[in-house]
Every structure is written in structure tokens, then in C-alpha cells.
Number of protein chains: 2
Amino acid sequence: MTKQTPPAKKPSRIQTRNRKMILDAALEVFSRHGYRGTTLDQIAAEAGISKPNILYYFDGKEDIHVTLLNRLMESWLDPMIKLDAAGDPRSEILSYVQRKLDMARDLPQESRLFAGEILQGAPRMSPHLERHLKPLFDEKCALIQRWIDQGALPPLDPQHLIFSIWATTQHYADFDAQVQVLASHASDTHAQASAHLAQMFGALLALPKTP
Amino acid sequence: MTKQTPPAKKPSRIQTRNRKMILDAALEVFSRHGYRGTTLDQIAAEAGISKPNILYYFDGKEDIHVTLLNRLMESWLDPMIKLDAAGDPRSEILSYVQRKLDMARDLPQESRLFAGEILQGAPRMSPHLERHLKPLFDEKCALIQRWIDQGALPPLDPQHLIFSIWATTQHYADFDAQVQVLASHASDTHAQASAHLAQMFGALLALPKTP
DNA sequence: AAAAAATTTTACCATTTGGTAAATACACGA
DNA sequence: TCGTGTATTTACCAAATGGTAAAATTTTTT
């Protein structure tokens, strides 16, 4: 079922190079047009490799897509993994926001690929969500809850705090087309967003002064 | 170019009924699978109407999609239109958040249809964004800026405030698949989200006490 | 350099899909 | 109830698309 087209052993130099070219091309096309909206011919053209040759390296369209989603998961979870239980709660969360926002700027294709997949009900990804994202999410929710219980953060819902962070940061990558149309002096949207999110989550996480 | 397949005049009873059935079915399918991921046969099956019969009422797949996007724009802009310059700034914005969140709950299909379109670069919608959304957006940004200048709101970036509201509210419709996987006691996600967003934007909009 | 293995191309194919033509069934006012 | 325009079905088609077989080419090994 999970047959690796190039039989086994260590990948050759050519193999490594071509698989990378194909995946890069596929990421570009999938992220722009979604799974069904992408054709092997488009990927082939983008990669500069013939269609049958692509099928020499991958079992098919779905195989490419799944491979991309796998690869994506790592970088995707990374900012959250870095949430450090030993650090200062407020600044830990605020830097998490910044890391997430930077990711939306630096990896907009990955963000859109992910968004498209979720938007369509995560048909090819729910196993990943369950296996990788869910445990991490639960762990960090528990951490935030502990911080709250210690009085280091105001009482709030950890789950929805994280949802808010995801929503606001990814918005700039996923809804870029809209942001571009609406943002006026779009000279440095990223910096503006960064400042705004710092202000917003800063206000939310501020402890009420108890004099 | 913009030929109306049923020639002209007033639509018959059957015409009204069938166009509605087709549009409802198309909304369901388009919102789940995106434009390219949707086939006329799927829409036909969902609507209980044969494919050629669908093409009797619409010029083609794209015509249906565009019609949906047009219809969508109205309800989409409505919550924002209701932002009242005469009201209290803070509660005006907070109730805007609630209206938007309610919409994500009540019209998730529309939300996903919109999200999918934007995600793919708004290929069929950028005229709409320019003509309808942009003017309204600019107007409301100016209104918020006026409130800030009057000292009724803390200094913040109106554009990014609105982006944050859109992002956080739509998140619950667009990323529902993810929310479902992650949210624990998902008994009443909507109420939890509502409370959290009230808390978050409440904190952001609170004026620092100046004793 | 010859053999063997890996890679790439050429020439296809079956299915799906958006769409059409024309024949048929139906609704409804005169 | 009959005639006329409306609505629906049947039978197709051309293009697009995911994929394959096998020949041809290039690379690597011996």
C-alpha cells in the first residue's frame, strides 16, 4: 500500500534532487489551486519534469500530496513545541505569537496548503491531526492552565486562546488576497500586524492590578 | 456575455423553485470541495435535478459559482454595515464581533465558500472585493479612527483590528474540522468562543484608567 | 568498455467532466 | 381540450486528466 516507487535502499543523488524539485513544484501548485484544482501536468510544468517521470518518483497525485502534508507537519508544530514551561508565561505566549506570525510570512505556501486541507474537512489529514497535533495541543493547553492556576495569567480558556493565535496569525497568509486589496499603505503589513497582535494579546494576558 | 438562460421576463414558479434548489445544492458542494473539486454531476445529485436540466437554468458551472458569490456578498457585509457611528464605540465593536461569530455558526457554508475563494487568490471575486468590500472597509476604518481620535478607544490600528475580528470569528467555521478534533468538551464551542472573544476584544478596547 | 541498473521519453488509454442537440413530456391559458 | 411555450430527459461529444507500458537513454558498476 505504502509502496515507495524507487524500490528501497538509499536514494541516489538524482533521486534526492528530483524528488525535491517535484515536491517544491507541487507545493506551489497545490497551495494555489487546492488538491482537485491541481493537475499532474501543472506540477510537471512547474518542476520542469515530464509527467511520466514524476510518476516514476511518486505513486500518484495523492502520494505527492500526502508527502507534502507529512513534511509540513514538522515545521508546523515547531513554534508550539518551543513554548517553554520554564519561561515567563506572558512572554512565552507573546513570542509564540511572533513565531507563528513569522511563519505565515516565511511559509505562506505551507500555510495555504494546510488551510485548504482543513477547509475541505481534512480528508487526507485527520490522522495527522489526531496523532501529532492533538497531543501537543492538549499538552500546551494543560501548561497554560497551570500558569493560570498559579496566578501567572488571568483566567481564560486555553483552547480558545490558542485558536485565536492561530486564526490571527495565519490570516495574513491564508487571506493574503483580501489583505492585499484592503490594506492601505501596505508598505509593511507584517510589522503592523506584529505590533497589533502584540498589543491585543498583551492586553488579554495582562493581570489586573491588585493594589 | 452575461446571458440569462431563461430568456427574460418574470421567472415562473418552477423557475424560482429550481434555481433555488440548484443554488442550495451548489453551495453545499462548492463549500465542501472548492470550485475545481466540484462537479456538475455532484450538484445535480445533491439537487435532485439532472445535469442538462441544471444547464437549462444556468450558463454553466462558473455561472452558478458567480451567482453564489453575488448572493453571498449581501449577508456577508451586513454585520459590518450595522456598525453604528452613533452608538457607543466599545459596545458597537463588541456586538460586531458577536454578529460575525453568529454568522460563522449560522452560515458555515457561506463562510467556507468565501474562504476558499480568497485562499485561491480570489480569482472570481476580486471585483467584488474592490467594489463592495473595500469602500465599506475604508468607511468603517475611518469611523474607528475617529473614535480613537476622540479618546473613546485606545490607540490601535483599525485595519488590523478588523482583520483580527474576521480571523477569529471565521476560524470557527473555516477550520471547523480542526476545531472538532481538538476541542475537548465540545458541548458548546460557540458559547465558549463567544465568551473568549468578548474577553479578548474587551481587554484590547479597554481604556487605561487615568486616575 | 560492457553489462547492469537507473532514469527519461514516447505513445498510449480509460475515465471523468463540462457541455450540447434534439426529442419528449408537461403546464397552462384560450 | 387543444395549442403553445416551458421544462426535462436521452443520447451524445470533445477535451482534460490520472495513469501505464515499453522502448530509449543515461548513469553506474564491474
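## A kinked helix and its surroundings

In α7(A), a kink of about 40° sits at A:Leu133, shortly before the proline A:Pro135. Please keep in mind that this is a predicted model. The points below start with that helix and then move on to other parts of the structure.

**Helix α7 of chain A**
- Helix α7 of chain A covers residues 126-149, and at 1.5 Å a residue its 24 residues should span 34 Å; the end C-alpha atoms lie 32 Å apart, which agrees.
- After α7(A) comes A:Gly151, which has a positive phi, near 80°.

**Chain A as a whole**
- Chain A has 10 helices and zero strands.
- Of its 211 residues, 52% count as buried.
- The C-alpha atoms of chain A fill a box of roughly 70 × 40 × 30 Å along the principal axes.
- Taking contacts in chain A between residues at least 6 apart in sequence, 71% join residues at least 24 apart.

- The largest cavity holds about 290 Å³ of space.
- This largest cavity is lined by 28 residues, and the closest to its centre are A:Leu119, A:Gln120, B:Gly34, B:Gly116 and B:Gln120.
- Which helices each supply at least two residues of that lining? They are α1 (13-33) and α6 (108-119) of chain A, together with α1 (13-33) and α6 (108-119) of chain B.
- By residue type, the lining of the largest cavity divides into nine nonpolar, 11 polar and eight charged residues.

**A residue to look at in chain B**
- B:Ser95 belongs to helix α5 of chain B, residues 89-106.
- Is B:Ser95 buried or partly exposed? Its relative accessibility is 30%, so B:Ser95 counts as partly exposed.
- B:Pro79 is 16 residues from B:Ser95 along the chain, and the C-alpha atoms of the two are separated by 9.2 Å.

Definitions and conventions: Residues are numbered from 1 along each chain as its sequence is written. Chains are lettered from A and ligands numbered from 1 in the order in which they are written. This is a predicted model: local features need pLDDT of at least 70, side-chain atom pairs count only at pLDDT 80 or more; totals for chains, interfaces and linings use all residues. Side-chain values use heavy atoms; hydrogens and water are left out. On a 1 Å grid over the protein atoms alone, a cavity is a set of points where a 1.4 Å probe fits but cannot get out, and a pocket is an open set with protein on both sides within 12 Å along at least five of seven lines; lining residues have an atom within 4 Å of a point. Grid points are joined across faces, edges and corners, and a volume is the space filled by probe spheres set on the points. Helices (H or I, at least four residues) and strands (E, at least two) are DSSP runs, numbered from the N terminus. Ala, Val, Leu, Ile, Met, Phe, Trp, Tyr, Cys and Pro count as nonpolar, Asp, Glu, Lys and Arg as charged, and the others, Gly among them, as polar. The expected span of a helix is 1.5 Å times one less than its number of residues. The bend at a residue is the angle between axes fitted to the seven residues ending there and the seven starting there. Buried means under 20% relative accessible area, exposed over 50%, partly exposed in between (1.4 Å probe, protein chains only). Contact means heavy atoms within 4.5 Å.
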